[in-house]
Amino acid sequence: MNNFREYLQARSVDEALELLGSEENAALVAGGTDLLLDLRQGRHPFLDRLVDVSEIAGMKHIVREGEWIKLGAGVTHKQIISSPLLQTHARCVVEGCGLIGGPQVRNVATIGGNVAHALPAGDGTVSLLALDSEVELVTRQGSSWQPLIEIFAGPGQVKFDRTKTILSAFRFAARQSGEGSAFHRVMRPQGVAIAILNMAAWVRMRDGRIDQARIACGPAGPRPFRAYQTEEYLVGKTWDESSFEEAAQMMDGEVSLRTSAHRATKEYRHYLLPVLLKKVMDRAVDRAGNYKVE
Amino acid sequence: MTNLQFEVNGKHYSLEVEANEMLSDVLRERLGLTGTKISCGEAECGVCTVLIDGAPILSCNYPAVKAEGKAVITIEGLAEDGEMHPLQEAFIKHGAVQCGFCTPGQIMTAAALLQEKPDPTDEDIEYALNDTLCRCGTYPMITNAIHAAADKINHGKPIDYPSFDFGGGLEQVGQVVPRPEAGEKVTGEAIYTDDISFPGMLYGATLRAGYPHGVVKKLDVSKAKELPGVKAVLTADDIPGRINHGEIFQDWPALVGVGEKFRYVGDAIAVVAADTQDIARQALELIDFVFDPLPIVNNPVEANQEDAPRVHESGNLLKHIKVNKGDIQQGFEEADVIVEDTFFTPTYEHVFMEPECSIARPLEDGKMEVIVGSQIPYSDREQVAEALDLPLDKVRVRSPLVGGGFGGKEDIAGQIHAALLARATGKPVKILYDRHESLLVHPKRHATQIRVKLGLKKDGKLTAAQTELYGDTGAYASLGDKVMGRATTHSTGPYIVPNVKVDCYAMYTNNPPAGAFRGFGALQAAFAIESIMDQVAEKLGIDPIELRRINALRTGAITNTGQHLRESVGLLECIDKTSEALLEHTNGEDPFISRPVPGEPNKRRAWGFAVTFKNTGLGEGAPDNASAEIELLEDGRVETRISSAEIGQGLVTVLQMITAQELNLPLEQVHIYLSDTDLTPDGGPTTGSRQTYISGNATKFAAINLRNSMLSTLAEKYNLPPDEIVFDQGVVRVNGTELSFADVGALMREEGRVPRLTYDYSSPKTTPLGEPGDKHFAYSFAAQAMEVEVDLETGEVRVVRALGATDVGKAINPLGLQGQVEGGLIMGIGHALTEEFIVEEGQIVTDYLSRYRMPSIHHVPEEIQVMIVEDPTEDGPYGGKGVGEISTMPVLPAIANAVNNACGVRFKSLPIDQDWLLTQLKKNASAA
């Protein structure tokens, strides 16, 4: 069905902003795996204009800039899983994006699209959160970096004005000695391909103890979730059976899990929480311990 | 409109395209490259995969304008200099092609993989093909084919056919041969209905009720008619003939008129024909349709209650089916132990990869031609003729290739609507369902509730079996009474039971209709009986395999329906073979004990076991006939013609082999022409695993008669006794002279004989339930073992290994047989682990493919061992009987039994729900 009128390919961020701003009923689109399908299946109201930002050269970089690793929002999942730089510095993102779709979807689906869709259980989003990522938002007035965790307003909702803003890049700190990350998720074999629960962890180990930890998971509330209390508890602990049990209990109290029809019960998600926590923390701690910056 | 400049298969194009045109639209409709198929249209199935600048993408959800400046390769562009890509050759030789509809997508995805990883591992293949779906379940063969292609590319190793330890024995029948139509399927030349178009063709769309039960109060189509581009809007008033259709009971209105009742969400209210599909769909929104809702009947048990709302005026009971044998009361009195339980199976969806498509075209002589991928062309002809009030000979139904069916293309879909619109407009009209509409409309597998009560002696001998079945046939009968009939007779298993009582209620509800689906009721029954047999084994302390062996049907036994089995009962051999192979896998250990997984403390593994049987053919008194026409063509080829459907199962290959066998011809000299009601006689429905037997026999006898006719011409001409005339590899030797088939044909024509004849074959007689005699003329048997791994922390279940034996009578087409067994097994894994068609209050929740998961290559076990038992049946062709359905049936209970063995949780309803499984494990742990 004819659910949009124009499909325009932007070649630069400025052009995209111009195209977005000059038509009232317009939206950005990247890989099209979410919005385009919603439009074509009548779940999204008619749009006069779609502005495709997936081929903006300036949004397709994966680079190291000093102490930052920068990732353009137009980077595809395929680019992510093939990037040696990310393999080293953002293992959890590589793991998260490697589980999405098949090669056909990974070739077009972008990390920016995944995050901008604002699903509480977006695999790319949750893995980026564990790296304490920042996001670059560009408007005609200029650009600014903001903590990724702060852009989400609710399921599918962001705090910035989608009709005037482009989410153009992500950045997070380059990996230092003693740091490691991991991602894991549990899927339901029946029904939609959204994680029942996913989780990403990042740790910095010092002398066998956790110096700092970051844990993100979803769906654990209306927005992608960071387990700050649990992270704080873990500081200074060794990662062992007893710290795991305490952390699991703490995180269980911190998250808000619910039953979603045809997908999972709240109870099941509570069962999965410690299983995922152990899995991602085990791997993150293991990776941290093995990593030294030359 | 935007100008698009791009390259396709090395050729530059400049086109004006619309913003909302997808790349697949441009390829298929503008460039005529119909090798790229559309199966889901929602970026879920991978079938539409093409390469863009070398990378695979889904062309169904890729705006064409994005291809600007890029190079696209489609399946048509893969061959180089007229030589097939090694993948194409390997797919043919390894049997990785069945219905062929997904084949272009599989090959393109595999081609991209080989670019990136020239020598991929099994894991690489699984990762790359994980989202490219094949409902025929050719994944194991695809994996083999990719390896073979890689070996050819990297090491120059020629691609060979696989070999099997079954089949053989004859010159043609039993040999490993390619499908005759495989070449076109791997190159994209294969034509399915939607690949056909005609000048001036219009596009149809259908207004659906959208609510499960109600009365049409108002229907005003005037605004829709005014929309520019709309050529016709039709309602029930515009049907000149019979309004209702139906395979057996004509209870299903082609269109529901004002004052009439609709009974499920997919009921058709009006149909539109317009210049484009978009206009036709826009027109639907302009139809003023108002209805009075009625209370909804949700399930078959509720339907049978006295105060239930009535779906049909005659009530909600389609049929009460009974089986009685011996004295059930006495049987239970004799029992030492009685076990009773209730099982549930959900609605399942076929997901044939090719969605329904019909094209109707008025011909010059007042005839209506309907082009449709159908499982029953002659039934379509009859139903279209009745609706249009035309004599039968004024309707011609012909079928191009069919992209899968599994029972889901037996009923009318768009055939009548397209014909009505073509009649009204005088133009060809195409009605193509998208996946969403397909999921909403066509009949599904019956959801069932099956209560089983068994009585046994301490030594494990069954004394009594009582079952009560409820089947949800949905809004219309379709084949519901037959399906539930098969569920009834198979509900006590392939066992000798002296005392039997079965009551089955096939009930109407306001759910989507349920009809034929591979396994045809017997699948649901097998889940129940084979689950409870394991429960019984545990209770009696008898090995589950031994319990089956004790009770197994064997030659000389009397079935629960009173049939004396005189021959071809290979069940014990299937059990023995599977049992031996199983013990080899476990080094003699009990396979049913839960075992830890080394290095994975949270996982347990165990095997599960099940046996099944399945009738071949219609049976129970239904006349089961097929007619085949055979002709020796002037060029010396022989053509066999029959209206029997090739839906991926390999019938063309089988008929080609049989024709070649009887005439001692090379396969290339035999052509099979199927499914054209003007040119091919009726082979009957493609259902009930019947075509190899019925159409196979018709073809065999037709070929024998042609041979005899050729012999008699030659015997007269050369004045020789016929037995001195030798048919040898495509030539005939007479008195030292070698005659080609063309020569013999010319001789026959010279003497005024047309070398063309028809053979009308009728199966051995069967009798209805309750009457003495054979209920079915043949049964296939199977034993299946499945090994599962359960994650005790997450409840996740996966199948690790599978091995089983199937008695098929005779392996006529070994490559096709292997594909049917593997594919059936994978469908069984899907039914057990991934599939669930959800309907709530008559509304369909799983209305997109993204919500209904069929198994992917990821679900294929690490090892599949296919064993074939060939216990021939006297009247089957070369001893052969059916196999299409049985391969799926034992898989469901074998998996459920394995899960129980691995972790002590018994699933009495499907699919296996990891959420529920983990909850049970937690309960069990806290109770312990």
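B:Lys453 sits in strand S20 (residues 447-456) of chain B, where strands (E, at least two residues) and helices (H or I, at least four) are DSSP runs numbered from the N terminus. The model is predicted, so local features need pLDDT of at least 70 and side-chain atom pairs count only at pLDDT 80 or more, while totals for chains, interfaces and linings use all residues. Residues are numbered from 1 along each chain as its sequence is written, and chains are lettered from A and ligands numbered from 1 in the order in which they are written.

Leaving aside neighbours within four places in sequence, B:Lys453 is in contact with B:Ile338, B:Glu340 and B:Gln466; contact requires C-beta atoms, placed from the backbone, within 7 Å.

Turning to the helices, H21 (residues 814-833) and H22 (residues 891-903) of chain B pack at an angle of about 55°, their axes 8 Å apart. H21(B) and H22(B) are therefore oblique to each other, a class left over once angles under 35 degrees (roughly parallel), over 145 (roughly antiparallel) and 65 to 115 (roughly perpendicular) are set aside. Axes here are lines fitted to C-alpha atoms, for helices over the stretch in contact, and angles run from 0 to 180 degrees between N-to-C directions. H21(B) contributes B:Leu825, B:Gly828, B:Ile829, B:His831 and B:Ala832 to the contact, and H22(B) contributes B:Val891, B:Leu892, B:Ile895 and B:Ala896.

Finally, helix H1 (residues 23-30) of chain B has buried residues B:Leu23, B:Ser24, B:Val26, B:Leu27 and B:Arg28, which pack against strands S1 (2-8) and S2 (11-17) of chain B.

How values were computed
Contact = placed C-beta atoms within 7 Å. Buried ≥ 20, exposed ≤ 12 C-beta atoms within 10 Å, placed from the backbone.
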